[in-house]
Amino acid sequence: MRQDEDRPQPGQVVAVNEAPRNLGDLLQRIAEAASGRNEVYFATIMDALGTRSFGPVLLLIGVILVSPLSGLPGMPTLMGVGLALISLQLLMGREAFWLPGWLLNRNVSGKRLQRALRWLDRPARFIDWWLRPRLSMLASDRGAIVIAVVCLLLALAMPVMELVPFSATAAGLAVVCFGLALVAIDGLFVLLGLFYLLAVASLAITGLLAT
């Protein structure tokens with residue numbers, strides 16, 4: 001078990017350092033933070049990211065939702081709360097984000113987290129191969145506002161998604177795209193995320209009409 005002194009303090013401020021450059025970098029930082037720990041607190045992962053930027057946090061939430069960790073009871077709703085808080089602060093134009101102590105104090109098994117990271121390793125390398133700065137206007141300040149609005153809507157729907165198998169994972173893929181777009185200033189991933197959500201929504205509506 002973690003020692004009491006390792007437990008994050010309520011209201012802990014996220015550390016500030018260089019932001020992750022891509023998905024592989026983010027996964028490596030999480031793996032290093034989880035190494036040798038029986039339990040890994042959300043605050044510990046945040047400290048490993050060490051950034052004031054919103055992109056890596058959106059990316060982290062998306063990664064959790066598409067990984068096997070999304071199968072943990074309550075995890076989609078928990079990530080929905082975090083996504084809503086981050087999106088609202090992005091819309092407010094804050095330069096640094098804040099997360100409540102009760103969220104930072106949530107933890108996951110270190111072994112389970114390491115398994116999820118290994119599962120994500122190959123997809124991460126493929127995605128990073130495509131990632132590069134382009135269409136920067138879509139991932140700029142105005143583009144970030146659009147991303148924040150879409151993510152807020154997804155966050156509000158997350159508790160319902162927890163009742164529908166794989167729906168939270170589907171939403172997580174879009175959040176990953178948006179997080180990557182902000183991290184690498186790659187507007188193409190903004191378009192991919194939006195088109196993907198439109199395709200999923202169209203299929204869902206078609207399915208409802210057909211029943």
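How many salt bridges does the count come to by this rule? The count comes to 3 salt bridges, a salt bridge being a side-chain nitrogen of Lys or Arg within 4 Å of a carboxyl oxygen of Asp or Glu. The model is predicted: local features need pLDDT of at least 70, side-chain atom pairs count only at pLDDT 80 or more, and totals for chains, interfaces and linings use all residues. Residues are numbered from 1 along each chain as its sequence is written, and side-chain values use heavy atoms, with hydrogens and water left out. Besides the salt bridges, this briefing covers pockets, a surface patch and selected residues.

**Salt bridges**

- Side chains of opposite charge can pair when their charged atoms come close.
- In helix α1 (residues 23-34), R29 and D25 lie 4 residues apart, about one turn of the helix; helices (H or I, at least four residues) and strands (E, at least two) are DSSP runs, numbered from the N terminus.
- The side chains of R29 and D25 form a salt bridge with an N to O distance of 3.5 Å, and both residues are buried. Buried stands for under 20% relative accessible area, exposed for over 50%, and partly exposed for values in between (1.4 Å probe, protein chains only).
- Helix α6 holds both R125 and D121, again 4 residues apart, about one turn of the helix. Their side chains meet in a salt bridge at 2.9 Å, N to O.
- R125 is exposed because its relative accessible area is 55%, whereas D121, with 35%, is partly exposed.
- D186 and R134 join their side chains in a salt bridge at 2.8 Å, N to O. This pair links distant parts of the chain, 52 residues apart: D186 is in the loop between α8 and α9, and R134 is in the loop between α6 and α7.
- D186 has 0% relative accessibility and therefore counts as buried; R134, at 21%, counts as partly exposed.

**Largest pocket**

- The largest pocket holds about 400 Å³ of space. On a 1 Å grid over the protein atoms alone, a pocket is an open set of points where a 1.4 Å probe fits, with protein on both sides within 12 Å along at least five of seven lines; lining residues have an atom within 4 Å of a point. Grid points are joined across faces, edges and corners, and a volume is the space filled by probe spheres set on the points.
- The lining of the largest pocket comprises 16 residues, of which L154, M161, S167, A171 and V200 are the closest to the pocket centre.
- Two or more lining residues come from each of α7 (141-161), α8 (167-184) and α9 (187-210), and α7 gives the most, with 6 residues.
- By class, this lining has 15 nonpolar residues, 1 polar residue and no charged residues. Ala, Val, Leu, Ile, Met, Phe, Trp, Tyr, Cys and Pro count as nonpolar, Asp, Glu, Lys and Arg as charged, and the others, Gly among them, as polar.

**Second largest pocket**

- About 250 Å³ of space lies in the second largest pocket. Its lining has 22 residues, and those closest to its centre are F42, I64, L69, M75 and V108.
- At least two lining residues are supplied by each of β1 (39-41), α2 (42-49), α3 (54-66), α4 (75-91), β2 (107-109) and α6 (110-130).
- The lining of the second largest pocket divides into 18 nonpolar, 3 polar and 1 charged residues.

**Nonpolar surface patch**

- L88, L91, M92, I145, V149, L153 and L156 make up a nonpolar patch on the surface, with about 670 Å² of accessible area together. Patch residues have over 30% relative accessible area and no salt bridge, with nonpolar side chains (Val, Leu, Ile, Met, Phe, Trp, Tyr) joined within 5 Å; accessible areas come from the Shrake-Rupley method with a 1.4 Å probe.
- Both α4 and α7 supply at least two residues of the patch, and α7 gives the most, with 4 residues.
- M92 sits in the loop between α4 and α5 (101-104) and counts as exposed because its relative accessibility is 59%.

**Individual residues**

- L65 belongs to helix α3 and, at 0% relative accessibility, counts as buried. L65 and A168 are 103 residues apart in sequence, yet 6.4 Å apart in space, C-alpha to C-alpha.
- L135, which is not a glycine, has a positive phi of about 45°. L135 lies in the loop between α6 and α7 and is partly exposed at 48% relative accessibility.
- I185 has a positive phi near 55°, also in a residue other than glycine. I185 is found in the loop between α8 and α9 and counts as partly exposed, at 36% relative accessibility.

Notes. Patch = residues over 30% accessible without salt bridge, like charges linked within 9 Å, V, L, I, M, F, W, Y side chains within 5 Å.
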